[in-house]
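Please consult the sequence and the model while reading.

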Amino acid sequence: MRFTYAEAMTDPSYYLPLARAAEAAGYTGFSVADSLVYPKESDSTYPYTEDGNREFLEDKSFIETFTLIAAMGAVTSTIRFTPFVLKLPVRPPVLVAKQATSIACLTGGRLGLGVGLSPWPEDFAVMGVPWERRGKRMDEAIDIVRGLATGEYFEYHGEFFDLPAIKMTPAPARPIPILVGGHSEAALRRAVIRGDGWMHAGNDDLDGLLARLDRIRTAEGRSGDPFEIHVISMDAYTPDGVKRLEDKGVTDVIVGFRVPYAKGPDTEPLGQKIEHLERFAETVIAKVGH
């Protein structure tokens, strides 16, 4: 089992010391949230809170995802960084490929590219991207990022993107794992067919989602392929619970130590955050290994 530390929407000056502390404590990953803008007016609802309220996001600090990963990567040497998740279809995929390959090269391959669909129509609008057919756009974007990350000449002719034969240098020494987030049937299928793993966003029935994922992998003839499964679960907070998750095929657990959906600023001091992550490392990571 691998352990990913989650912290988001906190004081930006905390991230670098938290990355160093998590690495020293034995975590294998650090998740990085992605958010572009907060609209003054919106009818959108947040899919992962009980009432759909999104006001907790207002005035929260979000450093641009690749910028933050580069900064944390520069002060660490082993921990892997995973966007959770990068809103891929609102971005130009060629630019994302350049950003991802640059990060992978600079950090020695310490990037797991978590991608997903933004639930906010406003993200699409302000980026000048149509909301319609966003799933197909997402599929094409994944294919382009994967193709360009090889470092070989790559061309693409799709519904949304048309690229001549181009290549990027430098290319990472190893393929960048693409991890797809989402709980819909389309998201699960996308993770199996186009991704190297799946990222669970919490709340929904994990056992049911894992069963659906397994059925799709079997139907697509992918059940024997390497596949990362990143989950949020209360089972992750005890050694026995971690064993139960391992038995279900989970490869990575994402753990945090505060409720991120509270309105207002995060008032927890940096020292207390480090104490929380170190205590978990002592009581769980050290006992189950990874």
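The largest cavity has a volume of about 70 Å³. A cavity is a set of points, on a 1 Å grid over the protein atoms alone, where a 1.4 Å probe fits but cannot get out; its volume is the space filled by probe spheres set on the points, which are joined across faces, edges and corners. The count comes to 1 cavity of 30 Å³ or more.

The lining (residues with an atom within 4 Å of a point) includes Glu7, Tyr15, Ser31, Ser61 and Phe62. By class, 8 lining residues are nonpolar, 2 polar and 1 charged. Here Ala, Val, Leu, Ile, Met, Phe, Trp, Tyr, Cys and Pro count as nonpolar, Asp, Glu, Lys and Arg as charged, and the others, Gly among them, as polar.

## Basis of the model

The model is predicted: local features need pLDDT of at least 70, side-chain atom pairs count only at pLDDT 80 or more, and totals for chains, interfaces and linings use all residues. Residues are numbered from 1 along each chain as its sequence is written, and side-chain values use heavy atoms, with hydrogens and water left out.

Methionine 127 is found in the loop between α4 (121-126) and α5 (134-148), helices being DSSP runs of H or I with at least four residues, numbered from the N terminus. Methionine 127 is partly exposed, at 38% relative accessible area (between buried, under 20%, and exposed, over 50%; 1.4 Å probe, protein chains only).

Glycine 208 lies in helix α7 (residues 206-219) and is partly exposed, at 24%. Glycine 208 and glycine 147 are 61 residues apart in sequence and 32 Å apart in space, C-alpha to C-alpha.

Definitions and conventions:
Helices (H or I, at least four residues) and strands (E, at least two) are DSSP runs, numbered from the N terminus. On a 1 Å grid over the protein atoms alone, a cavity is a set of points where a 1.4 Å probe fits but cannot get out, and a pocket is an open set with protein on both sides within 12 Å along at least five of seven lines; lining residues have an atom within 4 Å of a point.
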